Amino acid sequence: MDLDLSALQSVVLSTGAETVDLEGNAQLTDGSLRKFIDAIMEQPKDIHIQALSLRDCSRVGQSTIEAVGRLLQTDGVNYALSQLDLSGIPMNVKLHLPLCQAIGSHPGLKSLRLSNTGLGQMPSVVDRCLDALFASQSLETLDLSWSVFGPQTFLHLGALAVASPNLQALHVANCSTAVVDALGISPVAHLIELLGMDTTLTHLDVSMNRIDFRCALALEMAFRSNLKFRRLDVSDNPLGILGTRSLLRMLCRDQCGLLHFKAQNCGSGEGSGPNTDPQVFNATKPEGRYALDFAKPYHRALLRALYGAAERFGLATVDAFTEMAAQPAFDHPATGACAALPTQGRLSFNFRVEKAYEKALQGTGDLAFGAFVARRLEVARLAPMFRKVRPLLALFKSYEGHYQEQLVFLEALAKDFLVPYPCVAQLCRTRSLTPDILGRLLPCISGGAPARQLSLQLSTSMPDVVRILHQVHNFMVWNVENPTGHYRLDLSNAADHTVAERLAILDAWEISTKVKLGRADTSEKGNHSQVRNVTYAEQDLDAKVISEWLLPEFGVLNLDYASSKRPAVGVAALDDAAWRDILGLLAKAGSQSTDTPLRAEVLVVEGRLQALRQVSHLIYITSMQLRELLGLFASDTVRAECFVLFFNRVADMHNEKLFRARFEHPKELHSLRVRLGHASTFPFIQPEQASFTFDLAKNDQRLAANILVQVARKEKFPSNLRNPKLVQKDGAVDEMALGVPASWEALAKVPQEGVFSVSYECAPEDRAFPARRQLFETYGCWPAELEEDGVSWWSSSIDAPAPVREFLEFVISKYETADEAWTAMESENETGKIPVKLFEEGFRKLKCRKFEGPSESTLIADIFRYLDPSGGGDISKQEWAGLDRLLKDIKLSILEFVQFCDRSWPSKDQDRMTAAFRKLDADGKGTITKKEWVEVLRGAGFFGPAVPIFCFIDKDDRGAVGAAAFDALAKYRGMSESQL
């Protein structure tokens, strides 16, 4: 090889060659190379070498390096030399400084490559070496890869690079020391942060530097507004999804000139968690509570990112950064995201963006959720500009064959971007990945539902479509205009994460709106939030409100969302004809599951609920219609979901007792109140017969207890509060023998711990309707332009004691109205009332034998006490009307059953009820016993109260009914609730 070099020397000297490339000639000796370089220097006038490469000539030693140094300082030869590559040459550390000084003195060197030469092995010398290198004002490309640099060296290198007037390309691959920085971040982060002030750099190679998501954010902030920057290589770094998000934002940002991006082998990487900083930047939802340490480069980058978010939302820093605390004092810099920040001190604050929408959404209404979210996404998420789509797709193409990295790319793209359909279509040309692509990107496709539907057509098989829809299920069934409901969200799923983001964003917006409108705080924790019962990883959420919680990238989030959205005054409910059609379709869909396996039946029910959720924001319904809807479902759980779904869509909430009566067990109602809020669901207009259990440690339940006492104080306090009990935190029971304290009328006087249970009764003549109406409007936020005679006063037969229910069954089988029973008792005294003694006598006149036996008098007395809610010792005609309301509840159940029969078995025959009986009499015996009745109706799909209907039909009290008995139902055909 040395002989070959001698021959090459002759050629160079005779031809005036401009490039000498000896790369990879590992057999060349140190002596022969020294002679070659010395020969060049002896004839400077004939030499015009512009590029010299000794890369990977591993036998090069001290004499050759010294010769190169002399070459760089030889007049004549050095002027032409512009490229020098000494990479891969193991140098003695004593040679580094002289060589760097020689390089720095060269007047025209533009490209210098010193990778893997051991630079930095002597920390005491490395800074001087860098000073010497950057003494050259002509350097455009500098490769220092595979050197050994710590934090201070990177800081020094960054300062020199920024000051260099012509440096365009910097390569520092695998330069970070093996020991992680004391601040828990790769040392290269210090260099990256300083490069944010650079104005000449176009190419940066920081591959193999243990760059994680924190360092990646610093990289994004450094180049987010640098239009000159073109190329970036971050290959072989543990970026993970979070780091990839930062770099994709940088790639797609129009203010950044980046077009060529290499990021191979970056799929692995730790996300935020207990072992890393839990504070991460989320471009879609940057709101939250932050606590920053200025000594950490990542925290400085995080603050710059938030400054950038404030600029994007058009917010002044004073509006975006609230509740600030700093040590020492800190003032926001004028230049925001590009500012130099202190390197010592601490800063904590809340970052908020609600004010950005007050102008943008003027004229759309405070509760225009769809417009709000659409506007929010337009501002917060990045839409790749046309010139950036090509490099974005090229990056995805470069991952071909690397499945894990493709998934990381898709996960990152799903979090911060609005992706146009053509871009998705191009990505889906990788057919094998189509389910993965759509399963992650479907929620972030711009263009709304039509674009999502079009994108689904890119899937070529039905199993793939099913897989995609399963993955994005929570997103597809979420209704932005009616978000009330229960959510179980896996935050590692991109679609679920999107739903969690949007719920947090909506909650912040509703909090802001409620405060602006001066609405009462009916939230669970006293923070105006709509989010309730929230847990993360099966633990209570450690945050004041969810909008201040920085959403993690993994874990399961459970919550109930109870929107404050209410119908406008005078809103029109869906007409009965259209509602009957909807009920018919729902009933028909349910009937198809009768003979199918349990799982298929569950899917049918879920499908009906999903269909209702998708259209729920388009309709308002009445309390009666909601009652009818609840009757379509057998499951308590499904009925509860329907209740929650349409709670805010009820146009006449003052009649809520109509559908409340559908829930047989107090525990069901309590569960619904926990989900929606005790104060929001309080029965303001008709609290009679209601039982309550309040956990006074919860703001809304303490408020509901206070509301109840306010009502009671306006009516017949304290006798209207029945059976009060307070269980203290330590388990001690207070039977409250003196009654509920009157001081509880003031919220501040209500205890802040313990469990308070009570029931409420009130006679019609004691009712303080104006007070109820005012509380209904103040705390329920329902439109309250109604008068007392506009309320459908109701009593639930389910809530009545067992003896009362049996008495009702007797009355309805014998009399049309309660007045007829009153007349038949012949017990009215001269005051027009029935005292207890006359009531028992009159009761026996009715010939009701349901209570015959030794306890008959006791049971009759129980009925009397129920009909005497005022406790006056006699029953007035007005109090007796309560029995009529109970009868009306049973009659309504009968009417609903008749309507059910008409929907289920339409017949042209006049005797339709006989036809219905034949359908119900499946065994063909001609009779249905009381024992069979409930199961027969459940099997047919009717889930309302069954026993009272049977008692009405079974007028002879024989315990069995036939087709002829069904004739009694015919008169209910064609009737409405108002005619009962």
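## Strands E17 and E20

In this predicted model, strands E17 and E20 are joined by five bridges. The two strands run antiparallel. Strand E17 covers residues 691-695, and strand E20 covers 755-760.

Burial is a feature of E20. Five of its six residues are buried, meaning under 20% relative accessible area. Strand E20 is therefore largely enclosed by the rest of the structure.

## Strands E18 and E20

E20 also pairs with E18. Five bridges link E18 to E20, again in antiparallel fashion. Strand E18 spans residues 721-727. Leu-721 has Tyr-760 of E20 as its bridge partner.

## Strands E18 and E19

E18 is joined to E19 by two bridges, and these strands run antiparallel. Strand E19 consists of residues 733-734. Here Leu-726 stands opposite Asp-734 of E19.

## The whole sheet

Together the four strands make an open sheet, ordered E17-E20-E18-E19. The pairing is antiparallel. Strands of a sheet pair through backbone hydrogen bonds.

Which strands lie at the edges? They are E17 and E19, each of which pairs on one side only.

## The helix across the sheet

Helix H29 is formed by residues 699-714. The helix lies across three strands: E17, E18 and E20. Relative to E17, helix H29 runs at about 135 degrees. Strand E20 thus has bridges to E17, bridges to E18 and helix H29 lying across it, and five of its six residues are buried.

Conventions: Residues numbered from 1 in each chain as written. Predicted model: local features only at pLDDT ≥ 70, side-chain atom pairs only at ≥ 80, totals over all residues. Heavy atoms only, no water. Pairing = 2+ DSSP bridges. Contact = heavy atoms within 4.5 Å. Axes fitted to C-alpha atoms, helices over the stretch in contact; angles between N-to-C directions. Buried < 20%, exposed > 50% of the residue type's maximum accessible area, 1.4 Å probe, protein only.
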